[in-house]
Amino acid sequence: MQKNNQRKNPALRMMENGDYEGAKQALMQSLAINQEIFGPNSSEAGEDHRNLGAVYYRMLDFDQAKEHFETALSIDLECFGSKDPQVAVDLANLANTLQELGEWEPAESLFRQALAIDQHRYGEGSLETSNHLSALGGLAYRRGDNDQAQSFYESALAIVRKQLGDRHSETAILLSSLGMVNQLLDANDAALSNFQEALQIAQAVFGDQHRYLASLHNHIGGVHQQTQKFTAAIQAYQTALEIDQNALGNQPHPSLARDLNNLGSAYEQDGQYEEALSCYRQAAQMLEHLLTARHPHVKGIKQNIQRVEGLLSKKE
């Protein structure tokens, strides 16, 4: 979502701090005042609608977010014209929301309109252009169109490398996104290269213990596991778990459950069933604290436990 100037708007600080209800109430009051003073179709009212859309988006109320983003877009088109960068922001915000609602084709159309505006305004090699290309890549990835996602991510990455360099966090993020697509395309060597380069950048930018590195180690482990290199996969998953444990402790957390499940899966495929069972049981204990017994993740981890218990009984 488009970031706004939080110094000028305390409601946005509330939103960033997780006080969504407070932010919503403050913005509704601001909207009422601005509509009375400046009119319902003023740019001030449009900004309030845009910010309200962002709050509802954070609250996962995508229908309400869509309504406010559509209103902001309508107002800004009238105030600024169809080629204004603010309209590109509105189009992207609405596209992100439609994407969450599963409205793929309208979302793609809006992303492409936003891309055309910013390409014309800032140039094809601008960071604004790369942001839209990355968004289109994310949409294609979610739709399962991996070839198209790969193309968009590669184009966005080329721009970011040129504008920000090879050692920037945005470069690492795009490399990771590209790696996920390459892995789905069974281009495992390329995927591993993407993830490893992203890891090197992230280590330089964030240090060795930042939680973003845990995500990258998990991706690296996934590639090794997919290529039957289980020892390397186990090592990567263990590193991810250690980073998350250092950051989160041993209290139940979705990331720790994910790490343990990944590690258990690699142990299981490597025939180390006792180690796998231990990981799965720890993950299950965490998920049972976090989710209901009927949640698919809880059911899935219990199935893993039953399967490995069966393998151990046959081994005896």
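User: What share of the contacts in the protein between residues at least 6 apart in sequence join residues at least 24 apart?

Analyst: In this predicted model, 55% of the contacts between residues at least 6 apart in sequence join residues at least 24 apart.

User: What makes up the secondary structure of the protein?

Analyst: The secondary structure consists of 15 helices and zero strands. The C-alpha atoms fill a box of roughly 80 × 40 × 35 Å along the principal axes. Of the 316 residues, 44% are buried.

User: Why are H8 and H9 called roughly antiparallel to each other?

Analyst: The axes of helix H8 (residues 146-164) and helix H9 (residues 169-184) cross at roughly 160 degrees. Angles over 145 degrees count as roughly antiparallel, and H8 and H9 are therefore described as roughly antiparallel to each other. Their axes come within 9 Å, and the crossing is left-handed.

User: Which residues bring H8 and H9 into contact?

Analyst: On the H8 side, the residues include Ala-149, Tyr-153, Leu-157, Val-160 and Leu-164. They and others in H8 meet a set in H9 that includes Leu-174, Leu-175, Leu-178, Val-181 and Leu-184. By class, the contact of H8 with H9 has eleven nonpolar, five polar and three charged residues.

User: How do you know that the span of helix H13 agrees with its number of residues?

Analyst: Helix H13 (residues 254-269) has 16 residues, which at 1.5 Å a residue should span 22 Å. The end C-alpha atoms of H13 are 23 Å apart, and so the two values agree.

User: Which helices do the buried residues of H13 pack against?

Analyst: They pack against helix H11 (211-226), helix H12 (230-248), helix H14 (273-290) and helix H15 (296-315). Among the buried residues of H13 are Leu-256, Leu-260, Leu-263 and Tyr-267, and also Asp-259 and Glu-268. Just after H13, Gly-271 takes a positive phi of about 80 degrees.

User: Why does Gly-221 count as buried?

Analyst: Gly-221 has a relative accessibility of 0%. The cut-off for buried is under 20%, and therefore Gly-221 counts as buried. Gly-221 is placed in helix H11.

User: What does Gly-221 touch, not counting residues up to four places away in sequence?

Analyst: Gly-221 touches Ala-233, Ala-236 and Tyr-237.

User: How far apart are the C-alpha atoms of Gly-221 and Arg-167?

Analyst: The C-alpha atoms of Gly-221 and Arg-167 are separated by 23 Å, and the two residues lie 54 residues apart along the chain.

Key
Residues are numbered from 1 along each chain as its sequence is written. This is a predicted model: local features need pLDDT of at least 70, side-chain atom pairs count only at pLDDT 80 or more; totals for chains, interfaces and linings use all residues. Side-chain values use heavy atoms; hydrogens and water are left out. Axes are lines fitted to C-alpha atoms, for helices over the stretch in contact, and angles run from 0 to 180 degrees between N-to-C directions. Helices (H or I, at least four residues) and strands (E, at least two) are DSSP runs, numbered from the N terminus. Angles under 35 degrees count as roughly parallel, over 145 as roughly antiparallel, 65 to 115 as roughly perpendicular and the rest as oblique. A crossing is left-handed if the near helix is turned anticlockwise from the far one by less than a right angle, and right-handed if clockwise. Contact means heavy atoms within 4.5 Å. Ala, Val, Leu, Ile, Met, Phe, Trp, Tyr, Cys and Pro count as nonpolar, Asp, Glu, Lys and Arg as charged, and the others, Gly among them, as polar. The expected span of a helix is 1.5 Å times one less than its number of residues. Buried means under 20% relative accessible area, exposed over 50%, partly exposed in between (1.4 Å probe, protein chains only).
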